[in-house]
Amino acid sequence: MTELAKSLEKEGDIAADFLEELLDIADLDGDIDMDVDGDRAAVEIVGGNLDHLVGRGGEVLEALQELTRLAVYRETGERSRLMLDVAGFRAARRTELVAVAESAVEQVKGGEPSVSLASMTPFERKVCLLYTSDAADDLPCVDLGGRRIIKKKKHTYIRSTPATH
């Protein structure tokens, strides 16, 4: 096992301990699944009715992820890129976002000079960016809620503009 894999496994263990304690304190039922996804630890809380841990549009999930990252930082002294999911929310959202990105790509291919999408979280932008970057070799422009992707001579340029929530 590589040093990176050991480090990510340790992050997952610390996160799981933190989340189990949180679930106990809140008297919530749930199991913790841990994995390593590429170059980051991935932890998911599954089982029971966990919708209140997701919140509207994933707001509570985002906050819980940041708290979990802080718990890992407290133990390791190193910044964590850990991804947290609750009841498959992120996985389902990823599927929805790919459909949104596919639609935007098709609109631009159909002649729209540009397509703007709603403001997005960093996770959401990344999902759309990865999809449109792969699909956009011949596209003029797709705006990902404050980040514009412009393809020119086989290079991707991203221009950031302030996103409004």
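**View 1. Strands β1 and β2 pair in the antiparallel sense.** In this predicted model, strand β1, which covers residues 31-37, is joined to β2 over seven bridges. The hairpin formed by β1 and β2 has two residues between the strands, and Gly38 takes a positive phi near 70° there. Asp37 stands opposite Arg40, a residue of β2.

**View 2. The largest nonpolar core holds 18 residues, of which Ile45, Leu84 and Val86 touch the most other members.** Two or more residues are given to this core by each of the elements α1 (3-25), β2 (40-46), α2 (51-54), α3 (59-76) and β3 (83-86). The largest share, five residues, comes from α1. In soluble globular proteins, nonpolar side chains tend to be buried together.

**View 3. Leu84 and its contacts.** Leaving aside residues up to four places away in sequence, Leu84 touches Leu19, Val43, Ile45, Leu61, Leu64, Gln65, Thr68 and Arg90. A second, separate core of eleven residues includes Ala104, Met120, Phe123 and Cys128.

**View 4. Arg90, a residue of helix α4, which spans residues 89-109.** Arg90 counts as buried because its relative accessible area is 5%, under the cut-off of 20%. The side chain of Arg90 reaches the backbone oxygen of Leu84 at 2.6 Å. When residues up to four places away in sequence are not counted, Arg90 touches Leu61, Glu62, Gln65, Met83, Leu84, Asp85 and Phe123; of these, Phe123 is included in the second core, whereas Leu84 belongs to the largest one.

How values were computed: Residues numbered from 1 in each chain as written. Predicted model: local features only at pLDDT ≥ 70, side-chain atom pairs only at ≥ 80, totals over all residues. Heavy atoms only, no water. Helix = DSSP H or I, 4+ residues; strand = E, 2+ residues; numbered from the N terminus. Buried < 20%, exposed > 50% of the residue type's maximum accessible area, 1.4 Å probe, protein only. Polar contact = N/O pair within 3.5 Å; in protein donor to acceptor, adjacent residues only side chain to side chain. Contact = heavy atoms within 4.5 Å. Core = buried A, V, L, I, M, F, W, Y, C linked by side-chain atoms within 4.5 Å. Pairing = 2+ DSSP bridges.
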